[in-house]
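Thank you all for coming; I would like to walk you slowly through one structure today. Please have the picture open while I talk.

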Amino acid sequence: MRGYHDIGGLPLGPIDRTQHDYALWEKRVDAMLVLLSNKKLITTDELRLGIETLGADAYERLSYYERWIASIARALVDRGVITTDELGRRMTDVSRRARESA
Amino acid sequence: MSPRFKPGDAVTVRRAYPPGHLRTPHFIRGKAGMVERLCGNFPNPEELAYGRNGLPALPLYRVRFVQRQVWPDYAGAPGDTVDIEIYEHWLEPAAGETSHA
Amino acid sequence: MHDDHPHSHDHRPDQDRPLSDHQLMEIAVRELLIEKRILTADDVRRAVEAMDARSPALGAQVVARAWTDPAFKARLLANGTAACEELGIAMGPTKLVVVESTPEVHNLIVCTLCSCYPRMLLGLPPDWYKSRAYRARAVREPRAVLSEFGTELADDVTVRVHDSTADMRYLVLPLRPPGTDGWSEERLAGLVTRDSMVGVSVPQAA
C-alpha cells in the first residue's frame, strides 16, 4: 500500500522548470492556511491528509492550490467551522454575482 | 518520553504499510541507517491529521542512509547519503544492535 | 447583515473566463470565515502582502553574513531559526536547519511527500520544487537532477540529500565561490540565488 503522493524514488521524467505567476486567489488560499493554522483551526497535517485523500485522479488533475482549497474546505467542514450547506449556497451565490458583474 | 536512540545508533525503518497519514516515506521502509541526531520531541503527525493533539510528543530523529544501500541501481558516489526525519515509533535497532534505553 | 459588506468586490476573475469551482470555493470559504468573524479581510490582505514581501533576498542576506562572520555561521548551523531572527527576519513557527555545503559535501533539499520549504526565508517555492518529477528523482538520482540544472559535481564530492519529512525546514548554506575575497556582504548576497539555497545550483562569482 502506497499513497499516491508518496513518490520518492519513482522513475519520473524531466523536471519542468516553467514558473506560473501566482494568481491572487492562490495567494489567498495560502494566506488562509497560514491564518487558520495560527488560530489552531487547522494543522498542516490535516491539510496534507485532505490532499492525500482527494483521490489519485484529483491529485493529478487539480493544481497545487486547487488541492489546498479543497482540503481546507473539507477540514473546516470536518471541524464544524462551516457546513456543507453554507459552503454550497455561498459558492452558488458567488457564481451568480460573478455572472451578474461580468 | 525519553529517547530510545542516540546519535550513532544503527537503526532500521519498520516495514509497515498502513493507510492513513504517514510521514515515513515508502522508499525508506525496511532500510537500515544511522541516527545522525535527535531533533527533539514533536506531536505525532499521524494523529494531528485527524484533528487530535498528537500528544505525547514523540522523539524525532534525523537518520542518515547510504544511497547505495537504499537503491539497488544507485548511480552516484559510494559516500552519497539521504537524510530523513523519522519518528521513533518507525525505528527499530538494526539487526544485531541493541537500543540504548 | 451585510452592513459591513464582507463580500469581496473583486470576485471578478483574475483571468477572462468564468470562475472555476475552486476559485468559487476560495471566495466562498473566505467570505464565510469573515462573516463568522474568524478572519477579517484585512488579515487576509496583510498575510498576502507579507508573503509577497518575502523573497530569496532574505536567505541571501543570511548566507552572506555566514560567509563573512564565522561566529554567526556557527550560531546559524547550531540553531537556524534563532540566527535568522538575530538579523530581524521573522521566522514564525519555522524550525530551520541550515546545512553547510563544503568542497567535500554538497547538500540538496527536497520534500518527497509534499512541498515543505523554508518559506520565511525564500518566499513561495518554485513550481519545479513542488513537481512530481523533482520530488521523485531528487532522492534517487540527485546527480542527474543536478545535471539537469546545469550543475556538475566531481565524484569525490559527497551528495547529501535531505528529505524534509517532518517539522524541520532546510536551507543550504552554499559554498562561497573562489575569487570573492574582501567582497562586501551586499555584493556577496548578490551571488546567492534561490536555487543555490535549495542546492540545485552552486553560486558563481563570474
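**Where chain C meets chain B**

Let me begin with the contact between two of the chains, where 18 residues of chain C are in contact with 17 residues of chain B, and please keep in mind that this is a predicted model. On the side of chain C that touches chain B, the elements giving two or more residues are α8 (132–140), α9 (142–148) and β3 (158–163) of chain C. Which of these gives the largest share? That is β3(C), with six residues. If we sort this side of chain C by class, we find seven nonpolar, four polar and seven charged residues.

Staying with β3(C), this strand pairs with strand β4 (residues 81–87) of chain B, in the parallel sense and over four bridges. To point at one place on your screens, V161(C) in β3(C) is the bridge partner of V82(B).

Now to chain C as a whole, for which the domain assignment gives domain 1 (21–52) and domain 2 (55–198). The centres of domain 1 and domain 2 of chain C, taken over C-alpha atoms, are separated by 31 Å.

R37(B) counts as partly exposed because it has 16 C-beta neighbours inside 10 Å. Leaving aside residues up to four places away in sequence, R37(B) touches P7(B), Y61(B) and R62(B). By contrast, R37(B) and Y17(B) are 20 residues apart in sequence and, from C-alpha to C-alpha, 25 Å apart in space.

Conventions: Residues are numbered from 1 along each chain as its sequence is written. Chains are lettered from A and ligands numbered from 1 in the order in which they are written. This is a predicted model: local features need pLDDT of at least 70, side-chain atom pairs count only at pLDDT 80 or more; totals for chains, interfaces and linings use all residues. Two residues are in contact if their C-beta atoms, placed from the backbone, lie within 7 Å. Ala, Val, Leu, Ile, Met, Phe, Trp, Tyr, Cys and Pro count as nonpolar, Asp, Glu, Lys and Arg as charged, and the others, Gly among them, as polar. Two strands pair if DSSP finds at least two bridges between them. Domain bounds come from an automatic or database domain assignment. A residue is buried if 20 or more other C-beta atoms lie within 10 Å of its own, exposed if 12 or fewer, and partly exposed in between; C-beta atoms are placed from the backbone.
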